[in-house]
Amino acid sequence: MVTIKVENLIDFIAEVFGHAESSPDEARRIATYLTTANLAGHDSHGVIRVPGYIRWKNIGSVVPNQTVEVIVDTPSLAVLDGKFGYGQTVAPVAVKLGIEKCKEAGLAAVALRNAGHIGRIGDWAEMAAADGLVSVHFVNATDSLLVAPFGGVEKRMSTAPYCVGIPRQGQDPIVLDFATSIVAEGKCFVASLGGKKLPNGALIDSDGTLSDDPRLLYGPYTPDGTRDHTRGTGAIRAFGEHKGSGLALICELLGGALTGTGATGANRRFANGMLAFYIDPKVVDPANFFDGEVTRYTDFIRATKPVAGIEEVLIPGDPERRTRAERTKNGIPLLDDTWVEIVNTAREVGVSETFIQRATS
């Protein structure tokens, strides 16, 4: 395990993308969003993604320095085409436009199609909440067949994230952000590198056997080998049986089909689609009842007597806040294999040994 200071990690990852055709602004933006995912404890969406992003860039699946194209633009609705640009470049544009329209109309919807991997969806809910807005996000990923629908054993859906953000006056927002599978694919990847193990029964094989072994998803692999989810015989399971599977279907249809990205399918170019709704509580609730009621009810939930073995009852966002504070103070821990793969990628794109050494100083 290596532990790297936050600013050092951002500088280093920005240097990697700067050597891989991204502008200085884009390189630092990607580095910042990936690092803040690690800060929040979502290592599956953090800098572990760097080698994969560079591979996507090299084969043309993602295009550096893209400018979003506006397809539809009304006072309360927009459809944007990310043109396969990095998600950390095109997604903030879509969210910013949603915020602007919501501030004008009280309610807005923005569909983003053909975006590169947009990372931790909670970032976009937090962005809207910082402007005082509630937001709801439905997301899918084309060519990302990973999840078996309820009652099935074959990959038919992406991990199809769903996210809701609720602002709170003078406090961090409530952010519910999860894959509609038992685990995100990134967590399978982390587990395959020796990280936190998967929950029992997170995966299902073609014969219906349940497992927690990442090899079921990726097939045989070596410690430093690539992870290809098309090689495995199994799939990730949807959470909550028919309920999670149903929500995943909705994310595919709204985040994928409705945005124009397309629902998940085989042999398609990878892209994220996101349909997001934005609501201004000040317009819905001019008497300002909402914020006080959110505080009352979350306090009521937290006061629940915990079950044996659990210290306290939490609400969405609590774990992230605590992890963010701890890692900001002490640095971001990375598995040795993860760091080696990132460093090898840095060398491949031409980052100097001096800069590599500086990251861990």
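Student: How many salt bridges does the count come to?
Tutor: The count comes to 19 salt bridges, where a salt bridge is a side-chain nitrogen of Lys or Arg within 4 Å of a carboxyl oxygen of Asp or Glu. This is a predicted model, in which local features need pLDDT of at least 70, side-chain atom pairs count only at pLDDT 80 or more, and totals for chains, interfaces and linings use all residues. Residues are numbered from 1 along each chain as its sequence is written, and side-chain values use heavy atoms, with hydrogens and water left out.

Student: Which residue forms a salt bridge with Glu-7?
Tutor: Arg-28 does, and the closest N and O atoms of the pair are 3.4 Å apart. Helices here are DSSP runs of H or I with at least four residues, strands are runs of E with at least two, and both are numbered from the N terminus.

Student: Is Glu-7 buried, exposed or partly exposed?
Tutor: Glu-7 is partly exposed, at 47% relative accessibility. Arg-28 is also partly exposed, with a relative accessible area of 34%. The cut-offs are under 20% relative accessible area for buried and over 50% for exposed, with partly exposed in between (1.4 Å probe, protein chains only).

Student: What about Arg-237, which residue does its side chain meet in a salt bridge?
Tutor: Glu-241, at 3.1 Å from N to O. Arg-237 counts as buried at 17% relative accessibility, whereas Glu-241 is partly exposed at 39%.

Student: And Arg-231, which residue is its partner in a salt bridge?
Tutor: Asp-228, with the closest N and O atoms 3.6 Å apart. Here Arg-231 is exposed, with a relative accessible area of 51%, and Asp-228 is partly exposed at 25%.

Student: Which residues are linked in a network of salt bridges?
Tutor: Arg-120, Asp-123, Glu-126 and Arg-324 are linked in such a network.

Student: Next, helix 11. How many residues does it have?
Tutor: Helix 11 (residues 318-330) has 13 residues. From first C-alpha to last it reaches 19 Å, close to the 18 Å expected at 1.5 Å a residue. The expected span is 1.5 Å times one less than the number of residues in the helix.

Student: Which of its residues are buried, and what covers them?
Tutor: Asp-318, Glu-320, Arg-321 and Arg-327 are buried in helix 11. Their cover includes helix 1, helix 2, strand 7 (162-168), strand 8 (171-178), helix 10 (289-302) and strand 13 (332-334). Just after helix 11, Gly-331 takes a positive phi of about 105°.

Student: Back to helix 2, what do its buried residues pack against?
Tutor: They pack against helix 1, helix 3 (50-58), helix 4 (87-105), helix 11 and strand 13. Among the buried residues of helix 2 are Ala-27, Ile-30, Leu-34 and Leu-39. The end C-alpha atoms of helix 2 are 22 Å apart, which agrees with the 22 Å that its 16 residues should span. After helix 2 comes Gly-41, whose phi is positive, near 90°.

Student: Where is Gln-88?
Tutor: Gln-88 is in helix 4 and is buried, with a relative accessible area of 2%. Leaving aside neighbours within four places in sequence, Gln-88 is in contact (heavy atoms within 4.5 Å) with residues including Ile-30, Leu-34, Tyr-53 and His-117.

Student: Now the whole chain. How many helices and strands does it have?
Tutor: The chain has 13 helices and 13 strands. Its radius of gyration is 20 Å, close to the 21 Å that the globule rule gives for 361 residues, so the chain is as compact as a globular protein of that length. That radius is taken over C-alpha atoms, and the globule rule is 2.2 Å times the number of residues to the power 0.38.

Student: What share of the residues count as buried?
Tutor: Of the 361 residues, 53% count as buried. Among contacts between residues at least 6 apart in sequence, 68% join residues at least 24 apart.
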